[in-house]
Amino acid sequence: MHSPDCALVLGPGGPVGTAWMAGLAHGLRGLGVDLTAADLVVGTSAGAIVGAALATGRDLALLAEPGGADGSAPPPPDRRLMGEVFAVLGAGLPPEEARARVGRIALGAADPDAERALVAARRRLVGTDAWPAGRRLLVPAVAAETGESVVRDGDSGVPLATAVAASSAFPGAAPPVTVGALHYVDGALRSGANLDLAAGARTVLLLDPMARQAADAPAAADGQTLLTLFPDEAAAAIFGPDPTDLSGWAATFRAGRHQAAAVREQVAALR
């Protein structure tokens, strides 16, 4: 069993969460703290995009705009469909039943053309279909047909951009992604940021765009040092109530980059 010494976990947060994490990581790199030094990267949903970009050495400045390097923005979300999904997730159902119901909703919106566009968009952001060599990257997703989760890595045989697209395919915001005989949806449906995938690490840095205060942060595993970073007041104000609002992407990227100066010492001391 591989037990990484230091893990980087990047959680879900929609498009503006993607921008904040990319901006923060870009700012830290400019201050001499390179998050790619982590032995393990776990990226879920928005975190899958940023985690893959980090792990493959992508210039994060290319994520300063919504469409990445080419500036093409994704289509607007289906608010009705997202409302159905959040109604299920907020109904207090057992996790397996909630995932099954969300999966059925997602399958009703399957669209091969939109799926191909999603994978292409994720490829533009990540910059490659090749998994990083010499660095462990984990990208979870959930099968819409069964509700079962899968955690993909470089041995999965799935192109990186496809794995990232599947992990970030939240119903209503993106179509399910086909891998083999199944359709896959957002990895956050497995377990939020999927912090458990870093349970063997001695130290963990968690970037959690959805948290708004320290009380929201999850607890560390036994014997583990966990540092959770979340949007500061300035970033949260730009973030707004809707993480799918692309109009806030560029400003949130800048806010994340600016926040890096305030957290640099904490992050540098973690390892």
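**Helix packing, buried loop residues and salt bridges**

In helix α2, residues A48, I49 and A52 meet L160, V164 and S167 of helix α6, where contact means heavy atoms within 4.5 Å. By class, this contact of α2 with α6 has five nonpolar residues, one polar residue and no charged residues; Ala, Val, Leu, Ile, Met, Phe, Trp, Tyr, Cys and Pro count as nonpolar, Asp, Glu, Lys and Arg as charged, and the others, Gly among them, as polar. The model is a predicted one, in which local features need pLDDT of at least 70 and side-chain atom pairs count only at pLDDT 80 or more, while totals for chains, interfaces and linings use all residues. Residues are numbered from 1 along each chain as its sequence is written, and side-chain values use heavy atoms, with hydrogens and water left out.

The axes of α2 and α6 (residues 160-167) come within 7 Å and cross at roughly 155°. That angle makes α2 roughly antiparallel to α6. Here axes are lines fitted to C-alpha atoms, for helices over the stretch in contact, with angles running from 0 to 180 degrees between N-to-C directions; angles under 35 degrees count as roughly parallel, over 145 as roughly antiparallel, 65 to 115 as roughly perpendicular and the rest as oblique. Helices (H or I, at least four residues) and strands (E, at least two) are DSSP runs, numbered from the N terminus.

Not counting residues up to four places away in sequence, T18 touches A46, I49, V50 and W249. T18 is buried, at 1% relative accessibility; buried means under 20% relative accessible area, exposed over 50%, and partly exposed in between (1.4 Å probe, protein chains only). Turning to G248, this residue lies in the loop between α8 (233-239) and α9 (249-270) and is buried as well, with a relative accessible area of 9%. Leaving aside neighbours within four places in sequence, G248 is in contact with V16 and I238. The C-alpha atoms of G248 and G17 are separated by 9.9 Å, although the two residues are 231 apart along the chain.

Backbone geometry draws attention to two further loop residues. S45, in the loop between β2 (40-43) and α2 (46-55), has a positive phi of about 60° although it is not a glycine. A positive phi of about 60° is likewise found at N194, again not a glycine, in the loop between α7 (188-191) and β7 (203-207). Both residues are buried, S45 with a relative accessible area of 7% and N194 at 0% relative accessibility.

Across the whole structure, a search finds nine salt bridges, each a side-chain nitrogen of Lys or Arg within 4 Å of a carboxyl oxygen of Asp or Glu. Among them, D5 and R202 meet through their side chains at 2.8 Å, N to O. This pair links distant parts of the chain, 197 residues apart, with D5 in the segment before β1 (6-10) and R202 in the loop between α7 and β7. D5 is partly exposed at 32% relative accessibility, and R202 is partly exposed at 38%. Within helix α5 (residues 112-126), D113 and R116 lie three residues apart, about one turn of the helix, and form a salt bridge with the closest N and O atoms 2.2 Å apart. D113 is exposed at 52%, as is R116 at 51%.
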